[in-house]
Amino acid sequence: MPQIVFLPHEELCPDGAVVEANVGETVLNVALKNGINIEHACEKVCACTTCHVIVREGFDELEESDELEDDMLDKAWGLEPESRLSCQTKVPECDLVVDIPKYTVNMVSEAN
């Protein structure tokens, strides 16, 4: 069973986390299931960029992003070559290391 290493994030997981994931499950669902509340303003339908993450390790093993995800990512704050929307990123058969950016394009968190 693959693992996802979530790097430390000041608010969402200050100490980081290592969690197990099912192949094919989205990175966002794995995070939420494990108490890492990545923002997802569009309810996981690829209509915003609030669930933007950077896949530091394992990126090359992911399924390619589709055109809709690429268009949305163009609007993400702090975009990097290994950026993905966690609601669209399915866990491959290998481990991943994921970095949750400090900021999103939302000025106010949906959780507040």
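## Accessibility and the predicted model

A residue is called buried when its relative accessible area is under 20%, exposed when that value is over 50%, and partly exposed in between. Arg56, at 38% relative accessibility, therefore counts as partly exposed.

## Strand S3 and its two partners

Strand S3, which covers residues 52–57, pairs with strand S4, residues 83–85, in the antiparallel sense over three bridges.

## Salt bridges between strands and helix

Side chains of opposite charge can pair when their charged atoms come close. In this model the count of salt bridges comes to five. One of them joins the side chains of Asp99 and Arg56, with an N to O distance of 3.0 Å. Because Asp99 lies in strand S5 and Arg56 in strand S3, this pair ties together parts of the chain that are 43 residues apart in sequence. Asp99 is buried, with a relative accessible area of 18%, whereas Arg56 is partly exposed at 38%. Arg56 and Asp99 also belong, together with Glu80, to a network of salt bridges.

A further salt bridge is formed by the side chains of Glu69 and Arg84, at 2.8 Å from N to O. Glu69 lies in helix H2 (residues 67–73) and Arg84 in strand S4, so the pair ties together parts that are 15 residues apart in sequence. Glu69 is buried, with a relative accessible area of 2%, and Arg84 counts as buried too, at 5% relative accessibility.

The side chains of Lys102 and Glu10 meet in a salt bridge with an N to O distance of 3.7 Å. This pair links distant parts of the chain, since Lys102 is in the segment after S5 while Glu10 is in the loop between strand S1 (3–6) and strand S2 (17–20), and the two residues are 92 residues apart. Lys102 counts as exposed at 53% relative accessibility, and Glu10 likewise counts as exposed, at 60%.

Thr26 is placed in the loop between S2 and helix H1 (27–33), and at 12% relative accessibility Thr26 counts as buried. A polar atom of the Thr26 side chain lies 3.1 Å from the backbone nitrogen of Asn29. When neighbours within four places in sequence are left aside, Thr26 is in contact with Ser86, Cys87, Thr89 and Lys90.

Most residues other than glycine have a negative phi. Against that background, Glu43, a residue other than glycine, has a positive phi near 60°, and Lys44, also not a glycine, has a positive phi of about 75°.

Glu43 lies in the loop between H1 and S3, and Lys44 is placed in the loop between H1 and S3 as well. In accessibility, Glu43 is exposed, with a relative accessible area of 55%, while Lys44 is partly exposed, with a relative accessible area of 34%.

How values were computed:
Residues numbered from 1 in each chain as written. Predicted model: local features only at pLDDT ≥ 70, side-chain atom pairs only at ≥ 80, totals over all residues. Heavy atoms only, no water. Pairing = 2+ DSSP bridges. Helix = DSSP H or I, 4+ residues; strand = E, 2+ residues; numbered from the N terminus. Salt bridge = Lys/Arg side-chain N within 4 Å of Asp/Glu carboxyl O. Buried < 20%, exposed > 50% of the residue type's maximum accessible area, 1.4 Å probe, protein only. Polar contact = N/O pair within 3.5 Å; in protein donor to acceptor, adjacent residues only side chain to side chain. Contact = heavy atoms within 4.5 Å.
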